[in-house]
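Dear colleague,

Please find below the structure that I am handing over to you. My findings follow it, and I would ask you to read them with the structure open.

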Amino acid sequence: EMGQKNHELVPMPLIDSISGLKHGGAFRCVRTLLKHKLLHHENKKYDGYRLTYQGYDFLAIRALTQRGHITGVGRQIGVGKESDIYEVMNAEGEVFVLKLHRLGRTSFRAVKNTRDYLGHRSSFSWLYLSRLAALKEYAFMKALGEHGFPVPQAIDHNRHAVLMTLLDAQPLVQIRKLQHPAQVYLTCMEFISRLAGKGLIHCDFNEFNLMINGDEELTIIDFPQMVSVRHANAKEYFERDVDCIVRFFSKKLGYWAERDTALPYVRPNFEESVAAVDESLDVALAASGFQRQHQEELDHYLATADQEDEEEEEEEESEEQGEGSEGSGAEKERNVAEQGETCAVPEPGGERRQHVLSASAGTLRPAADAEGSARSGAAVGSKQGQAFGAVSSGDEESAEEDGSQGEEEEVTEVEESVSG
């Protein structure tokens, strides 16, 4: 971990120097870590080792264990797009939630070595960004809790791990019917407006990041993507959060806020929400250790991730179009049965000439001859068939002059191979 601060791959001599072990002790330790997949060995650019996410998990859990916060790790209770969530327990038997951030795991199909995500820190990008995401989530969770927002209680964090309380609730996305949909809807809009009043936009305020209990009380989760109201696209993010809630209540729960005349308002106004921004939250965030430079680095990652996701979607669309063109083979076969298919046949001189394969007749003829026969009214393949596949004028002339015995034997051999 120390070597990766300025090395993409840490060479063995540096590991030996940092560890201070003698008589090959560092090499034996590295071999054991490789066996348990806590390290990864590469020799593409040069020979060295790097931490895996499993090794980073071990370091974070070990630190939290030494602090006395956890004594055991239980089952996995959730898998997010960029995180894994586990149940953990302390010495008193209390159950908590441990969230392990994994930026770059699913946002990108492959980490491209040529792309620079963090400037001079690109060699440690994913682990470093995951640590920043965990620091940000811990800082925002702690600050929002102190300002009266319903969020999980932040207990501790280390590296890319965040320890928080376990909620007796379920995601709002799993709910299909509410006893008081209007009240829950207004609560969601109030959260969005209150966050903007504190100078923040959630940017992912939807049914997946809202927990609801049996009393229909909401709790907000997932904060690494939050931005300031001073962001250039703050109003767009604000309205997108509102649209997500309106869409969920109308399509999934069948509650149309526009039709409810008893509501005091349907959508909060961005300008009114940020008219008097409370700056006290920024002070709490700074006290938690999350600095502006950390936010800039995360914003750079999120912008790069969005661009990469768009590129992946374009690749998937092109692949689907390719599969669709392959799926049209049946239609092509029908056309072949009626018209005949053009194929290239090698000539004795090394050239390739266009020939027409008639599926119904099972014969292979030079394209120029078939085209001439079609013009003269002769049937090719079937009565409605017509040879296709344009040939150049040079091919027509060579086809008219063709008649040698050697070429007929070559065509006969191709006929036998096609019929075979």
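**Findings: the cores**

The largest nonpolar core holds 50 residues, and those touching the most other members are Leu144, Tyr185, Ile201, Ile245 and Phe249. At least two residues of this core come from each of the helices α4 (125–146), α5 (181–197) and α6 (234–251), and likewise from each of the strands β7 (161–165), β9 (200–201), β10 (210–212) and β11 (218–220). There is also a second, separate core of 17 residues, which includes Met12, Leu39, Tyr128 and Leu129. Please bear in mind that the model is predicted.

Tyr185 deserves a separate look. Which residues does Tyr185 contact, leaving aside its neighbours within four places in sequence? They are Ile245, Val246, Phe249, Tyr255, Ala257, Leu263 and Val266.

**A hairpin**

Strands β3 (residues 72–79) and β4 (residues 83–89) pair in the antiparallel sense, with five bridges. Three residues lie between the two strands, and together β3 and β4 form a hairpin.

**The chain as a whole**

The secondary structure comprises 13 helices and 15 strands. The chain has 420 residues, of which 39% count as buried. Among contacts between residues at least 6 apart in sequence, 62% join residues at least 24 apart. The chain exposes about 23600 Å², and carbon and sulfur atoms supply 48% of that area.

With kind regards

Methods. Residues numbered from 1 in each chain as written. Predicted model: local features only at pLDDT ≥ 70, side-chain atom pairs only at ≥ 80, totals over all residues. Heavy atoms only, no water. Pairing = 2+ DSSP bridges. Helix = DSSP H or I, 4+ residues; strand = E, 2+ residues; numbered from the N terminus. Core = buried A, V, L, I, M, F, W, Y, C linked by side-chain atoms within 4.5 Å. Buried < 20%, exposed > 50% of the residue type's maximum accessible area, 1.4 Å probe, protein only. Contact = heavy atoms within 4.5 Å. Areas by Shrake-Rupley, 256 points an atom, 1.4 Å probe, with all protein chains shown as cover.
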